[in-house]
Amino acid sequence: MNASGAPHGSARDTVRLAVIVAALGVVFGDIGTSPIYTLQTVFNPEDPHPVPVSTGNIYGVVSLIFWSVMIIVTTTYILLAMRADNDGEGGVMALITLLRQWRTSHPGRRRAATVLAAVGLFGASLFFGDGMITPAISVLSAVEGLKVVEPPLGHYVVPITAVIIIVLFLVQRRGTETVGRVFGPVMIVWFAVIGACGIGGIVGNPDILKALSPTYAIGFLAGHFHIAFFALAAIVLAVTGAEALYADMGHFGRRAISRGWLFLVLPACTLSYLGQGALILQDPGNISSPFFLLVPDWGRLPLVLLATAATVIASQAVITGAYSVASQAAQLGYLPRLRVAHTSATTMGQIYVPWINWLLFTSVLTLIFAFRSSAALAYAYGMTVTGTITITTLLFFYVAHYRWHVPKWLIAVGAVPLLTVDALFVAANLTKLLHGAWLPLLIAITAFTIMTTWQRGRAVVTAERGRLEGPLDEFIEELRSGGLVSQEVPGTAIFLNRGRTTAPLALRANVEHNQVRHEHVVIVSIETEPVPRVADDQRMTADDLGHGDDGILHVTARFGYMETPDVPAALALLDPEATEGRIDLEHASYFLSKIELRKGPAATMATWRKHLFIATSHITADAAEYFNLPRDRTVIIGSHVEV
């Protein structure tokens, strides 16, 4: 029993229900709004490879949609991929982290793991493209319902969409917890409505239920491959948002997402697709907008309004996923240090990344005004989805074999059919390369180039900085022997440094140029562990550097890749017996070594990559703010480093 007298079990059930409702408001928006445009896109007469409207093709397409969702979303993601979490966190970046852990512990497999980690990084790059395209196509497709209600309103579709997008990105700073609480009930209404509309269509032509049989999907593929193959490029729209389920797993947990999918989202979407198929069977003219035509005239405007709200939520799913991917990439060294705001005091993993938010905002508005219709964007959309899904599937089975020791024969049983399905979708979308599929590939290649360049440049800067800093042990010995003349001043000085082996540039500058050192010197190194969060009892390690009487010590503070380092809070965890006395945190001065990058003559990277690395460094978050250092007691000492 709890304090209120209620059983503990009922309290837990209430919490789980609340989490599921919140997940509905954040995670399922993308995939839950796919019925708006999927069938309409498949039978679009303006498609470069149109699918003829016939009874056999309608059954085949609806069956292919249903079984694609079952294979990719239910099997690949819900049943398999979401079990490959890194302490609760999911997504491509979590798989990359698992591969990096395994590579470290198995040097013999280092090359294979490195290649696959690079492939995974490209998958994460594709997800950024998804984050840009999803809000544009989703909201456009919903607002386009106005043309069904009143054709002259079509001129207002783009401006209305732009206003909605502006409002959406402005409210992101309030956090996914707030957004989820507001959007969750809306999505429950959404799924109830589209399911009911689907049932209405099925009642008009119940024969469409035969499409649930896989024989229709197989027959369509085998008997009309020249048509079905090109149709796959649009059918993949039914599984958009699958990666968002996985990427947002750290926000809500696997169980909440799985239950929401199996008990509400999947049945509602299936009913909608079946209902639309039945409507097209009755009148092929309904292919113009089968989703909105499922309801009578009086219900279309309310449905447009509800669809618009649901597609805003669809956008939310990938936006929060992009925050998670960017934050993890920065912590793992693929992006500069980004300012991350934690938006929930009670739930870990719910974050807001301002720089990513405004990058997506600008990109989405550009896409809306450039493409001006969901049909034009549909060709671009499938490429991000298929690429990310294929990479996730590949990495999952590699992790399953080498980390969980699943036998190769069992891996083959699962991997071969799933990767075959993924490869078919990728190949079909490549046929749309000249019709818009180039866009997500360009976005992904750009993001991949930035991340790999930053990783390489960071290694170069670290090596050069280490040369300038010099060995820490030698520096301390020079201090003790009098080789470096300095006057000891009272107080505590805390220097942030990259590691244990070198002397902080700020400390060296204090001694060599100012000839002073504080009586208590603490050198703090931040280590990002390949886990989401680190327990407080494992966070801090103190090292007296071989001398327990000189007031100089080194401290290692460990944080997970989903945490924002709080240096003062971490230092407060130290035991005074391990730090040569109590650290006076209330009056301590913090010293940062700020590096200004310059292009040098050394052949460390191509010239264009040097310029890109230096340009990327300008988005690095302020170190004092990032590490939560007190502004009035933080001193910044600058240095130049050539790359």
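Where does Asn 628 lie? Asn 628 is found in the loop between helix 25 (623-626) and strand 8, where helices (H or I, at least four residues) and strands (E, at least two) are DSSP runs numbered from the N terminus. The structure is a predicted model, in which local features need pLDDT of at least 70 and side-chain atom pairs count only at pLDDT 80 or more, while totals for chains, interfaces and linings use all residues. Residues are numbered from 1 along each chain as its sequence is written, and side-chain values use heavy atoms, with hydrogens and water left out.

**Overall architecture**

- The secondary structure of the chain comprises 25 helices and 8 strands. The chain is as compact as a globular protein of its length, because its radius of gyration of 28 Å is close to the 26 Å that the globule rule gives for 643 residues. That radius is taken over C-alpha atoms, and the rule is 2.2 Å times the number of residues to the power 0.38.
- Along the principal axes, the C-alpha atoms of the chain fill a box of roughly 95 × 65 × 55 Å.
- Of the 643 residues, 56% count as buried; buried means under 20% relative accessible area, exposed over 50%, and partly exposed in between (1.4 Å probe, protein chains only).
- Among contacts in the chain with a separation of 6 or more, 84% come from residues 24 or more positions apart. A contact means heavy atoms within 4.5 Å.

**Surface and charge**

- The chain exposes about 25,700 Å², and carbon and sulfur atoms supply 61% of that area. Accessible areas come from the Shrake-Rupley method with a 1.4 Å probe, and for residues only the protein chains shown count as cover.
- There are 43 positive and 46 negative side chains, and the centres of the two sets lie 6 Å apart. Lys and Arg count as positive and Asp and Glu as negative, with His and the chain ends not counted. Each charge is placed at NZ of Lys, CZ of Arg, CG of Asp or CD of Glu.

- Helix 20 (residues 438-469) has 32 residues and reaches 45 Å from its first C-alpha to its last, close to the 46 Å expected at 1.5 Å a residue. The expected span is 1.5 Å times one less than the number of residues.
- Gly 470 follows helix 20 and has a positive phi, near 80 degrees.
- Helix 22 (residues 505-514) is mostly covered, with 7 of its 10 residues buried. The buried residues of helix 22 include Leu 505, Arg 508, Asn 510 and Val 511.
- The cover over the buried residues of helix 22 includes helix 20, helix 21 (472-481), strand 3 (487-497), strand 4 (516-529), strand 7 (589-598) and strand 8 (634-642).

- Most residues other than glycine have a negative phi.
- Gln 515 has a positive phi, near 55 degrees, and is placed in the loop between helix 22 and strand 4. Gln 515 is partly exposed, because its relative accessibility is 37%.
- The phi of Asn 628 is also positive, near 60 degrees, in a residue other than glycine. Asn 628 counts as partly exposed, with a relative accessible area of 42%.

**Buried positions and their contacts**

The contacts listed here leave aside neighbours within four places in sequence.

- Leu 116 lies in helix 6 (residues 110-143) and is buried at a relative accessible area of 11%. Leu 116 is in contact with Leu 99, Leu 394, Leu 395 and Tyr 398.
- Leu 377, in helix 18 (residues 374-402), is buried at 0% relative accessibility. Leu 377 touches Ile 133, Ala 136, Ile 137, Leu 140 and Phe 371.
- Phe 229 belongs to helix 11 (residues 225-235) and counts as buried at 14% relative accessibility. Phe 229 touches Leu 424, Ala 427, Ala 428 and Thr 431. Phe 229 and Asn 429 are 200 residues apart in sequence and 9.4 Å apart in space, C-alpha to C-alpha.
- Ala 81 is located in the loop between helix 4 (55-80) and helix 5 (92-105), and is buried with a relative accessible area of 0%. Ala 81 is in contact with Thr 76, Tyr 246, Thr 392 and Phe 396.
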